[in-house]
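User: Please take a close look at one part of this model for me. I would like to know how the pieces are put together where they touch.

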Protein chains: 2
Amino acid sequence: MTELEHRTPEQEWNAWGTADGASPVPEEMRTLIEQGLGVVRRDTPSVDRSAVRVGESRLPDEVRSALVAIVGDDGVRTDDDARLLHAGGKSTPDLLRRRAGDADSAPDAVVLPGSHEQVCELLARCAEHRVAVVPFGGGTSVVGGVEPERGGFASVIALDLRLLDGLVDLDAESQTATLQAGLRGPEAEELLAGHGFTLGHFPQSFEHASIGGFAATRSSGQASAGYGRFDAMVVRLRVATPTGELDLGRAPASAAGPDLRQLFLGSEGALGIITEVTVRVHPKPQEVESAAWSFPDFATGAKALRVLAQEGALPTVARLSDELETMINLATAHEVGGGEQSGGCLMITRYEGSRIAVRARVEQLLSESGGTSLGAAPAEKWDHGRYHGPYLRDALLDVNALVETLETASTWSRLEETCNAVREALTESLQAQGTPPLVMCHISHVYPTGASLYFTIACGRGDEPVSQWRQAKRAAGDAISRSGATITHHHAVGLDHREWLTDEIGELGVAVLRAVKSTVDPSGVLNPGKLIP
Amino acid sequence: MTELEHRTPEQEWNAWGTADGASPVPEEMRTLIEQGLGVVRRDTPSVDRSAVRVGESRLPDEVRSALVAIVGDDGVRTDDDARLLHAGGKSTPDLLRRRAGDADSAPDAVVLPGSHEQVCELLARCAEHRVAVVPFGGGTSVVGGVEPERGGFASVIALDLRLLDGLVDLDAESQTATLQAGLRGPEAEELLAGHGFTLGHFPQSFEHASIGGFAATRSSGQASAGYGRFDAMVVRLRVATPTGELDLGRAPASAAGPDLRQLFLGSEGALGIITEVTVRVHPKPQEVESAAWSFPDFATGAKALRVLAQEGALPTVARLSDELETMINLATAHEVGGGEQSGGCLMITRYEGSRIAVRARVEQLLSESGGTSLGAAPAEKWDHGRYHGPYLRDALLDVNALVETLETASTWSRLEETCNAVREALTESLQAQGTPPLVMCHISHVYPTGASLYFTIACGRGDEPVSQWRQAKRAAGDAISRSGATITHHHAVGLDHREWLTDEIGELGVAVLRAVKSTVDPSGVLNPGKLIP
């Protein structure tokens, strides 16, 4: 197993990422939200660490001893600092609660297994002692996926997988790599680069999210046009459950019954803990080219993406901002991209390695579809800031604004209708609450039959910002569900989308999930409350 | 719903396909097997229809009435002719039994629902009356998937879906079509062609197999390099079960938990009856180009296919025969392809529509990988005979030979080892039985991480040909399982691969399948004995 040189630092307890990455909101953006949205100038910083109420650890001694017997003393942490760092994910409501000093829901302990076998043993012991287990990778969930819910059990632990950080195997001929679940995005890339390969999975959470998390939530990266979604990269999965283990996937494709890998991909820790993933990898591209395009409107740009996806002539990255997102990016150009164009919709394209060969055909199709080339600069600016969005959100939370995102996917024929329905639902809900929002949208994942829609919402912060957002989110979720789109394209279900899952998969679909859970986790200790309604 | 003009005729009871397609074995091939394999010249024809023992129908009157109440009198057939046509699939053992006059296992009735709703009602009634239900599409299973097993129930019916033959919806913008499950391959293509589209799914069983069968067995077609496997084409599934229905798939991709479509794709009628499938379709290609290539040996040709798959530069069809298959094809060239080359391995490529654009790059890679162009003729000959293989098998069964096929898939790094292990196991088993075989192999489905291996076995017929083959098949299956490859790449599990499923998905994987079955089919009437060990 190859050793890591650069370890990803832990995130801040009250913000995305690390202090190094944070920066105050640019003054022109602050002015924009004050003038555009009527946000009153007021600083709304986080409380200090000393003012945080971390719930007391309630781990019984006998349980602690049982866990220590498996992972050693260092592997069971019950100090407040460790528990605070595992008190939840990174959605805006998560951050708002912790910024206000509320970490009551912190887990009773943080447990750090060092091997697949230890995970298996821990799960068996937790089932026996009826201790809830919340798997924890990078802690980047924005849907409540790592919320330490007790689910009726007396204790809850966060099972932090960070020590599972090895490259177990690299099969250069088959272009597959077996990665342990705790590896963070940059760590996995470092290990693969040592052999000349890349995974090609770069979601906005890349700098902190983990391989196991990508698998457990069906993540999709910014380069999905070129490398595909994470679930589509997975050849093999190793899963620990309280009743035993699963090792699924013996071939690139199979007709040996249902594809059970697809039951554990997206299982969000509720059906097992993914400890190892064998994924397809690619030779690390030597060359990269970027190009930005402008389209007169969102519908024309979306149609151009459809033409590319249906012909199968796609860049590695293809994303299209709607008119408002394009305008805001322009107005705050030094921060989040933008360029020379005025008005219209910005499309970013990027070609890596062998994809460069299709660039001429892609650009012919984009031109024929009404696009105008803007050169490389705006696309390079986007690339420079591609992981910065969540930091900007934190900066805005400091200045009396509320910012959050949500996403869906639909077929091409229903995409515009879905987009409008969600935008209207959000606008109506927040307007009614006295905080008219900006609702921006982009397409960043395309398929022959449809695409994703990613919304960014900014508005003034109300008196009760958590319930303010919950109300808007419910309106958006209802609109998505009514329009027949999926409740989530790549953020997963967690707690926040659970109420719409029955709409999506039906009563019988939910019953099937429950039956699977009863089989692998009869005591129900695995990530209680997540995923299954 | 568009109406069909050309209906697919029913297959013969004792052979593949229709009498029109059959032809006697070419004399040079008969000579070849006599000289090469020491097969004694002897005619071994099927018995006449009049000599067939069709088991008596044991459908109780009250069950018959209950079923007639749903589908009408015409929808419940208990005559011997109808039941004989549903007495099993088309594996060599299936045919050997029926050719010997044995149709004891014929179902008690053939029931023909006309709608999804009728399927739901029938399943509820059958569960209530404890009648086993074997879903029947084209009846082309070669793994015992449509064997009328009673599974401990007093009665068994074949649920023939042929009346579900509509194009329910065509979304030209999203390039999706919703097809009913009973449509045969050519029927689906006829309906789609009316709108300018093709499905692009052309397995060897194409002329008779059904859309529902493709989905239920994870079929893969000869053009999988261009259009993908059938399971990868599916956007949405409608499934009827005794406890209710499922309608799965709202978007091209989703992170809303496990992908339950993947639990019903490949479920082989054991978890529900697929009644409708929404699939990705493609504009019908206007142009087609074919090209054959020769490689010095199988390993060199396989490596060339790997290079294509890993770069993503693939023709629509890409298949490579090993040395022996190439030689046999040449020796019987007018029948099954072949061409001018001598020795080496034949590769067939075919480019449809937009794939023609990658031809130059593909051919550059094939040349660099040691290939020699043979021009279009051998590839066009292959295309001409692409659905003829099973007819040739029947002709060989008439002349004292035994012919059967089996298949697997593995990673590129283990492909050669798997191929050798299977070839040796088959050769050893059949040699030990006094019938030394020819074992031919080809690669016809390629992926970035691996490929399929398809074996054709020919030898003299022993005294007990069914058990002769069973013994060889067991040796091959054990070799596949030991080598870590999948027990089936596209033939499904049925009865014949059931014993290896536990090796493939583990005890817990099997327990998960059983839990799902208990939820959707608590009485266990759905296709008893298939899939789940």
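This is a predicted model: local features need pLDDT of at least 70, side-chain atom pairs count only at pLDDT 80 or more; totals for chains, interfaces and linings use all residues.

Analyst: Start with the layout of one chain.

Take the boundary between domain 1 and domain 2 of chain A. Contact involves 12 residues of domain 1 of chain A and 14 residues of domain 2 of chain A. The size of an interface is often given as the accessible area lost when the parts come together. For domain 1 and domain 2 of chain A, the buried area is about 1100 Å². Carbon and sulfur atoms give 67% of that area. On the domain 1 side, A:His116, A:Leu123 and A:Thr140 lose the most area to domain 2 of chain A. Together these residues make up 44% of what the domain 1 side buries.

Now the polar links. The count between domain 1 and domain 2 of chain A is 1 salt bridge. The side chains of A:Arg238 and A:Glu117 meet in a salt bridge, at 3.6 Å from N to O. The interface of domain 1 and domain 2 of chain A also has 3 residue pairs in polar contact, with both residues at pLDDT 80 or more. Helix α5 (residues 116-129) of chain A gives the most to the domain 1 side, with 7 residues. By class, the side of domain 1 that touches domain 2 of chain A holds 7 nonpolar residues, 4 polar and 1 charged.

Next, the boundary between the chains. Here 76 residues of chain A are in contact with 76 residues of chain B. The area buried between chain A and chain B is about 5500 Å². Carbon and sulfur atoms give 62% of it. The salt bridge count between chain A and chain B is 0. Polar contacts link 32 residue pairs between chain A and chain B, both residues at pLDDT 80 or more.

Several elements of chain A each supply at least two residues to the side that touches chain B. The strands are β10 (234-241), β11 (244-248), β18 (401-411) and β21 (450-460) of chain A. The helices are α10 (261-264), α11 (298-311) and α19 (498-520) of chain A. The largest share, 13 residues, comes from α19(A). By class, the side of chain A that touches chain B has 32 nonpolar, 28 polar and 16 charged residues.

Methods: Residues are numbered from 1 along each chain as its sequence is written. Chains are lettered from A and ligands numbered from 1 in the order in which they are written. Side-chain values use heavy atoms; hydrogens and water are left out. Contact means heavy atoms within 4.5 Å. Buried area is the accessible area (1.4 Å probe) that two parts lose on being put together, summed over both. A salt bridge is a side-chain nitrogen of Lys or Arg within 4 Å of a carboxyl oxygen of Asp or Glu. A polar contact is a pair of N or O atoms within 3.5 Å; within protein, one must be able to donate a hydrogen and the other to accept it, and residues adjacent in sequence count only if both atoms are side-chain atoms. Helices (H or I, at least four residues) and strands (E, at least two) are DSSP runs, numbered from the N terminus. Ala, Val, Leu, Ile, Met, Phe, Trp, Tyr, Cys and Pro count as nonpolar, Asp, Glu, Lys and Arg as charged, and the others, Gly among them, as polar.
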